[in-house]
Amino acid sequence: MRKIRLVIVETSIEKVPKELHKHPAIEKDAKRRKRSPNKILLYLPVHYTALASKGIPFEKRGRPDILHRLLLTILDHPLNKMNLLELYFHTINDEIFWVNPETRPPIHFYGFEGLMIQLLEKGRVPPAGETILMEKIDKTIEEVLKEDDRKVYALEKRGKDLSKIEIKNIYGNTVIIGGFQKGDYREDIKALIDYRISLTQHTLKATTAACMALTILYQHALP
Ligand SMILES: C[S@@+](CC[C@H](N)C(=O)[O-])C[C@H]1O[C@@H](n2cnc3c(N)ncnc32)[C@H](O)[C@@H]1O
């Protein structure tokens, strides 16, 4: 069976912007955790007042916890353990990272944050050595989604019911899921979508959507 390329798109993995380093909410958080403001990820639930004070729009920003939960869920899924997934994530800043299917992300958010800082700074985790767990990929989102003429299936509430889709056709192609809290895919990403798949009429958290979709795909892969 050919692997499914699963790409988490537009997820917010970014360091706290320099212009916010001196804001009391950032200084307090950094001090409490004994870290430099340059070594922490922007995290809306804690840094909201800093972003709001500068009038910075944050619809898809400051939620690295979404990627954290997605990675924990996807990497633990039997479809991944059957080696039927190729996993990538794409950030709101258009960086793309490959994830080794054997990666076991730290369960503590601060541990995960440390890993992401290393990834942003060094381009890979761990920074040296033969085994690579995550690595920056020098390709555009279009190249990753469409490589080798792959079709792109997007998980989306307003898509076609998954039960009406020929599931075997998804194998060997790309599935995308929004790694963000609110809103729709970006226009340039929408333009790359071939099929839209809906799991339910309800808006789901990305983790729930990923788990549901992978489980349906997994059931199809069973002998
Ligand atoms: C929290 S949702 C994104 C925000 C949502 N569109 C909104 O405006 O509130 C994150 C991702 O989960 C997936 N998702 C959520 N609900 C879904 C559904 N009913 N069917 C398929 N995918 C869904 C989509 O990939 C979506 O981009």
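Among contacts in the protein between residues at least 6 apart in sequence, 73% join residues at least 24 apart; two residues are in contact if their C-beta atoms, placed from the backbone, lie within 7 Å. Keep in mind that this is a predicted model, in which local features need pLDDT of at least 70 and side-chain atom pairs count only at pLDDT 80 or more, while totals for chains, interfaces and linings use all residues. Residues are numbered from 1 along each chain as its sequence is written.

The overall form comes next. The secondary structure comes to 8 helices and 8 strands, taken as DSSP runs numbered from the N terminus (helices are H or I with at least four residues, strands are E with at least two). For 223 residues, a compact globule would have a radius of gyration near 17 Å, and the protein agrees with its 18 Å. That radius is taken over C-alpha atoms, and the globule rule is 2.2 Å times the number of residues to the power 0.38. Along the principal axes, the C-alpha atoms fill a box of roughly 55 × 40 × 30 Å. Of the 223 residues, 34% count as buried (20 or more other C-beta atoms within 10 Å of the residue's own; 12 or fewer is exposed, and in between is partly exposed, with C-beta atoms placed from the backbone).

Now to the helix pairs. Two packed helices are described by the angle between their axes and the distance between the axes. Axes are lines fitted to C-alpha atoms, for helices over the stretch in contact, and angles run from 0 to 180 degrees between N-to-C directions.

| Helix pair | Angle | Axis distance |
|---|---|---|
| H1 (residues 24–32) and H2 (residues 44–53) | about 150° | 7 Å |
| H3 (residues 64–76) and H5 (residues 109–122) | about 100° | 11 Å |

H1 is therefore roughly antiparallel to H2, whereas H3 and H5 are roughly perpendicular to each other. The cut-offs are under 35 degrees for roughly parallel, over 145 for roughly antiparallel and 65 to 115 for roughly perpendicular, with the rest oblique.

The ligand is surrounded by 19 residues, and the closest are Leu155, Lys157, Gly178, Leu204 and Ala209; a residue is near a molecule if its C-beta atom, placed from the backbone, lies within 6 Å of it. Strand E6 (152–161), strand E7 (174–178) and helix H8 (206–221) each give two or more residues to this shell, and E6 has the largest share, 3 residues. The shell divides into 7 nonpolar, 7 polar and 5 charged residues.

A few loop details are worth a look. Lys34, in the loop between H1 and H2, has a positive phi near 55° although it is a residue other than glycine. Asp148, between helix H6 (141–146) and E6, likewise has a positive phi of about 55°. The peptide bond from Val125 to Pro126 is cis, with omega near -10°.

Terms used:
Nonpolar A, V, L, I, M, F, W, Y, C, P; charged D, E, K, R; others polar.
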